[in-house]
Amino acid sequence: MKFISIIAILVLVTLSTADEYVVKSYEDLLEYRKECVADLKVPEANIELYKKLEFPNDQITQCYLKCIFTKFGLFDTKTGFDVESVHKQLVGNQAEAADHDKEVHAKIQACVDKNEQGSNACEWAYRGVTCILKNNVALVNQQHKKP
């Protein structure tokens, strides 16, 4: 009986920590950028814009942002944005110290939708990402800088 109780506790601990979002690093961002640029054959002119956090509303940019946010684990093509994970990523490694700022959370929540419009996944991601970036520019700039 004791053995079964220990197994049950281990399973519960594993399940409760399995879904915890791990904040990605600047190196992760660079790797994801490289992968998305290659996968989507993004033109050099677009890459230069993206480095300045400028994202024109075109198909290649929409799909690039979907690719990046999907690789970060922040967007899913079926369920959309994970607001909790986006918040953790924006706050960075100071997530515990930030005590889950309600203002930041509300700004993120206001940017996401359930795709009631029926847009394709790239458009859906673009709509949310550009809003999140605009409404949280200070946090985005902080995360975007080299360590």
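Tutor: A residue counts as buried when its relative accessible area is under 20%. Keep that cut-off in mind as we look at this predicted model.

Student: Is N136 buried or exposed?

Tutor: N136 has 5% relative accessibility, so it counts as buried. This residue lies in the loop between helix 8 and helix 9.

Student: Which residues is N136 in contact with, leaving aside its neighbours within four places in sequence?

Tutor: They are L90, V104, K107 and I108. Take I108: it is 28 residues from N136 along the chain, yet their C-alpha atoms are separated by 8.1 Å.

Student: How are two packed helices described?

Tutor: We give the angle between their axes and the distance between those axes. Here, the axes of helix 7 and helix 8 come within 8 Å and cross at roughly 150 degrees. An angle over 145 degrees counts as roughly antiparallel, so that is how helix 7 and helix 8 run relative to each other. The crossing is right-handed. Helix 7 contributes K107, I108 and C111 to the contact, while helix 8 contributes G128, C131, I132 and N135. By type, these residues are 4 nonpolar, 2 polar and 1 charged.

Student: Which residues have the most contacts inside the largest nonpolar core?

Tutor: First, the general idea: in soluble globular proteins, nonpolar side chains tend to be buried together. In this model the largest nonpolar core has 34 residues, and Y64, F81 and I132 have the most contacts inside it. Several helices each supply at least two of its residues, including helix 2 (26-40), helix 4 (59-72) and helix 8 (121-135). Beyond its neighbours within four places in sequence, I132 touches F81, V86, L90, I108, C111 and V112.

Definitions and conventions
Residues numbered from 1 in each chain as written. Predicted model: local features only at pLDDT ≥ 70, side-chain atom pairs only at ≥ 80, totals over all residues. Heavy atoms only, no water. Core = buried A, V, L, I, M, F, W, Y, C linked by side-chain atoms within 4.5 Å. Buried < 20%, exposed > 50% of the residue type's maximum accessible area, 1.4 Å probe, protein only. Helix = DSSP H or I, 4+ residues; strand = E, 2+ residues; numbered from the N terminus. Contact = heavy atoms within 4.5 Å. Axes fitted to C-alpha atoms, helices over the stretch in contact; angles between N-to-C directions. Parallel < 35°, antiparallel > 145°, perpendicular 65-115°, else oblique. Left-handed = near helix turned anticlockwise from the far one by under 90°. Nonpolar A, V, L, I, M, F, W, Y, C, P; charged D, E, K, R; others polar.
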